[in-house]
Amino acid sequence: DAEKKPTVVFVLGGPGSGKGTQCANIVKHFGYTHLSAGDLLRAEMKSGSENGNTKWECLGLLLLKVGGLGMACMSFHVLFYLVMWFGVVLDFGTFIMSALTLSENTWVILLLVVYRTMIQDMIKEGKIVPSGVTIKLLQKAMQDSGNDKFLIDGFPRNEENRAAFEAVTKIEPAFVLFFDCPEEEMERRILSRNQGREDDNIETIRKRLKVYLESSLPVVKYYDSKGKVQKVDAAKSVDEVFEVVKVIFTPKDE
Ligand code: UP5
Ligand code: MG
């Protein structure tokens, strides 16, 4: 259709290379909307507690429902079979029926808790969340922004992310802004960040670095082979890095 595709710049680089810091600067000068995939995932994983649905509350809810509604009809059948088969046969049919007596709402809440816990666990382990989750969050944020120029920070993180984003959105990045930074410097920056991120501890940092080298760098290489990578030396000061970034974003024909 005639709908104009948005302009997307992927901002990639290792953990602590300065993606978020520089994106904030680019937003101020060049009118982009900054979408950090990591920030979106962290917001999604926290949204549960804001709504009051912590995993323990949900577990309690489930136990109450199963206990109250399910067990009453189940126990009779189970008892019946236990007596008949000397405790060998369990009545799975009745179990499923009692499970179905949970209200639809309970299941939705429960699935949400499982989903949020999954995101939380993967971030804590430095693993890459399935692309379906991340892409949905990015698409929603793009729609909600009302803008048509986006910095997508920290995504795609592996080949699967990249291929899925392209297949789902049909968007190809205008270019890839790549922050190249030595590992020791990235580690040092993250350890002195102190923003309470659950993945900012030395064990998780090492895992994040490993995933970056094994899975994320190949994505940068892929775009490099298509001539789309703008590589920036990210080991310098914030201002020095931005001077270089500014040149990249300034239209050449002006
Ligand atoms: N700082 C910044 N620039 C500096 C400079 N030039 N000199 C000195 N200090 C500098 O910067 C980090 C720290 O360094 C800050 O304190 C800053 O002041 C200072 P920041 O701009 O925050 O760096 P950034 O590259 O954004 O680091 P971040 O930790 O956010 O990168 P990650 O890629 O590790 O984190 P992200 O949030 O993208 O992802 C986190 C996790 O989410 C992933 O590990 C993964 O589990 C999950 N995830 C997915 O599964 N899929 C996704 O698509 C995205 C994330
Ligand atoms: Mg960041």
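A polar contact is a pair of N or O atoms within 3.5 Å; within protein, one atom must be able to donate a hydrogen and the other to accept it, and residues adjacent in sequence count only if both atoms are side-chain atoms. The model is predicted: local features need pLDDT of at least 70, side-chain atom pairs count only at pLDDT 80 or more, and totals for chains, interfaces and linings use all residues. Residues are numbered from 1 along each chain as its sequence is written, and side-chain values use heavy atoms, with hydrogens and water left out.

**Exercise 1.** State which polar backbone atom lies 2.8 Å from a nitrogen atom of ligand 1, and which side chains approach its oxygen atoms.

*Solution.* Step 1: the backbone atom belongs to K236. Step 2: a polar side-chain atom of T21 is 2.5 Å from an oxygen atom of ligand 1. Step 3: for R193, the distance from a polar side-chain atom to a ligand oxygen atom is 2.8 Å.

**Exercise 2.** Determine how helix 7 and helix 9 are oriented to each other.

*Solution.* Step 1: locate helix 7 at residues 159-169 and helix 9 at residues 202-225; helices are DSSP runs (H or I, at least four residues), numbered from the N terminus. Step 2: the angle is about 50 degrees and the axes are 8 Å apart. Step 3: the two helices are therefore oblique to each other, since angles under 35 degrees count as roughly parallel, over 145 as roughly antiparallel, 65 to 115 as roughly perpendicular and the rest as oblique.

Technical notes. Chains lettered and ligands numbered in written order. Axes fitted to C-alpha atoms, helices over the stretch in contact; angles between N-to-C directions.
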